[in-house]
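Have the viewer open as you read.

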Amino acid sequence: MGLRPGIWLVKRENGGPGNRLLDWLLRPASRPWRLVSLAVVLGVCVSTSLRENWGSDNAFVVKAAQTLLAGGSPYEDKRFLYLPSAVLMAVPEALLPTAVLRWSLPVAMSGLLGIGWLAALRMFSVPLRSRFAVVGFPVLALAYKPYVNLVLIGNWTAISAAALPVALLLAHRRSWAAAGLVVGLAIACKPMLVPIGLLFVLARQWRGLAVAVLVPLGVSLLGALMMPSPTLFFTKTLPFLLQGQDAYALPWDASPIAVLPRLGVPQPVAVLVAFAGAGAGLWAAWTRWRRTGEEGDAGELRLAETACMVMLTAFLVSRPSFDHYLLVVLPLLLASAVRPGSMPRSPWFWLALTPQVALIPWPSELAHKRRAFKDCATLCGLAILLVRRALGSGRVILGPVTTAGSPPRTEPECAATPAESASRTAF
């Protein structure tokens, strides 16, 4: 832009194209726009229901519940990797005919993702009838490939994608016990939000942490008592999961531990790189939590970014780590765009998401079973950007200086004052 950083920031604060666009997005959306948005989301659901490869991931959960109802042990199937509590949660699905699930499950997946989007918006005080809220969700559904993948396979990641923003919204409203209940129920379905326990530790909310731990533990104990051979979870399922599963999941595993060896990096080096990144992520999460009082932030941005940093850190070292895992943090990051200095205000954020954008022609080497390379690039890119945002860049805002007997300066040149890290706004 040809301007020094301080001058550019002052101009942005005084009002610019970014602020005008944001004001336009926060105005109420007309009824036709709301109808079009609903039609787009429902169209995605219908199109996925008609596909032949519908519901592959969900079938493992349903099969586990059906096995339990038939008197067998769900953990005889090495593909069932959830806690015993998830078997009980899947019983209602097991009782429904496949034809009903084919049409209802995609709607349920989209509904859960929509709940996460609305909760993230409310956390940042974005009007739910605004253009940002109404148009943002269908754009996510159309442009972000992992959205369609998640709706297609019916994976219970959608539950975590709904639970995390709801839990953070409750925590922001000082209802940490209720937030722990939401997190606990999500863990009972799928243990994806286990790392969020660190957020309760950072906030010293021990009651909420106890609820988040005891809820899945109690339901899992109940499920274990109802099934034969529950110890197979420890002797068969857990070792299989800790080994990163097998060649079946490898083509889609976006963890650096799985992707880097496919690029010729020795396995020990890949593990070292992934855990070094996770260590930096944990440090960034702790640092971000300690940094308070940012301009325009009443605590919601700090809460959201810390939680997203914790989850991205876990995704770096978890085996496997799939593309749709990022839908757990993406609604929160997108909704934070209304706050100055947030990640979506940076063009680098959108560049990191580019590998997941639909309709972009990629080389055949990155298609189908090699798409994990693109997924890993997005995961690492978002993690790096959030670490940079959390640790700060030492940027300064230059303010004008007035000396006795001299007129006010119109171009700031002196008296640098520390300011929050911020990259160029994309708005």
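## Salt bridges

This is a predicted model, and the count of salt bridges in it comes to five. One of them joins the side chains of Arg288 and Glu305, with N to O at 2.6 Å. Arg288 belongs to helix α15 (residues 267–290) and Glu305 to helix α16 (residues 300–317), and the two are 17 residues apart. Both Arg288 and Glu305 are buried.

Glu305 has another partner: its side chain also meets that of Arg389 in a salt bridge, at 2.9 Å from N to O. Arg389 sits in helix α19 (residues 372–391) and Glu305 in α16, so this pair ties together parts that are 84 residues apart in sequence. Arg389 is buried, and so is Glu305. Put together, Arg288, Glu305 and Arg389 are linked in a network of salt bridges.

## A pair between loops

Next up is Arg371, which forms a salt bridge with Asp323; here the closest N and O atoms are 3.9 Å apart. Arg371 lies in the loop between α18 and α19, and Asp323 in the loop between α16 and α17, so the bridge ties together parts 48 residues apart in sequence.

How do the two partners score on accessibility? Arg371 is partly exposed, with a relative accessible area of 25%. Asp323 has 5% relative accessibility and counts as buried, because the cut-off is under 20%.

## The second largest pocket

Two or more lining residues come from each of α2 (17–25), α7 (131–143), α17 (330–335) and α18 (347–353).

Which helix gives the most to this lining? That's α7, with seven residues. By class, the pocket lining has 19 nonpolar residues, one polar and one charged.

## The cavity

There is one cavity of 30 Å³ or more, and the largest cavity has a volume of about 30 Å³. Its lining includes Ala167, Trp176, Val183 and Phe200. Helices α9 (157–172), α10 (176–189) and α11 (197–203) each supply at least two residues of that lining. The lining divides into nine nonpolar residues, no polar and no charged ones.

## A nonpolar patch

Finally, the surface. Leu198, Val201, Trp206 and Leu282 make a nonpolar patch of about 350 Å². Val201 is found in helix α11 and is partly exposed, at 35% relative accessible area.

Note on methods. Residues numbered from 1 in each chain as written. Predicted model: local features only at pLDDT ≥ 70, side-chain atom pairs only at ≥ 80, totals over all residues. Heavy atoms only, no water. 1 Å grid on protein atoms, 1.4 Å probe; cavity = no way out; pocket = protein on both sides within 12 Å on 5 of 7 lines; lining within 4 Å. Points joined across faces, edges and corners; volume = space filled by probe spheres on them. Helix = DSSP H or I, 4+ residues; strand = E, 2+ residues; numbered from the N terminus. Nonpolar A, V, L, I, M, F, W, Y, C, P; charged D, E, K, R; others polar. Patch = residues over 30% accessible without salt bridge, like charges linked within 9 Å, V, L, I, M, F, W, Y side chains within 5 Å. Areas by Shrake-Rupley, 256 points an atom, 1.4 Å probe, with all protein chains shown as cover. Salt bridge = Lys/Arg side-chain N within 4 Å of Asp/Glu carboxyl O. Buried < 20%, exposed > 50% of the residue type's maximum accessible area, 1.4 Å probe, protein only.
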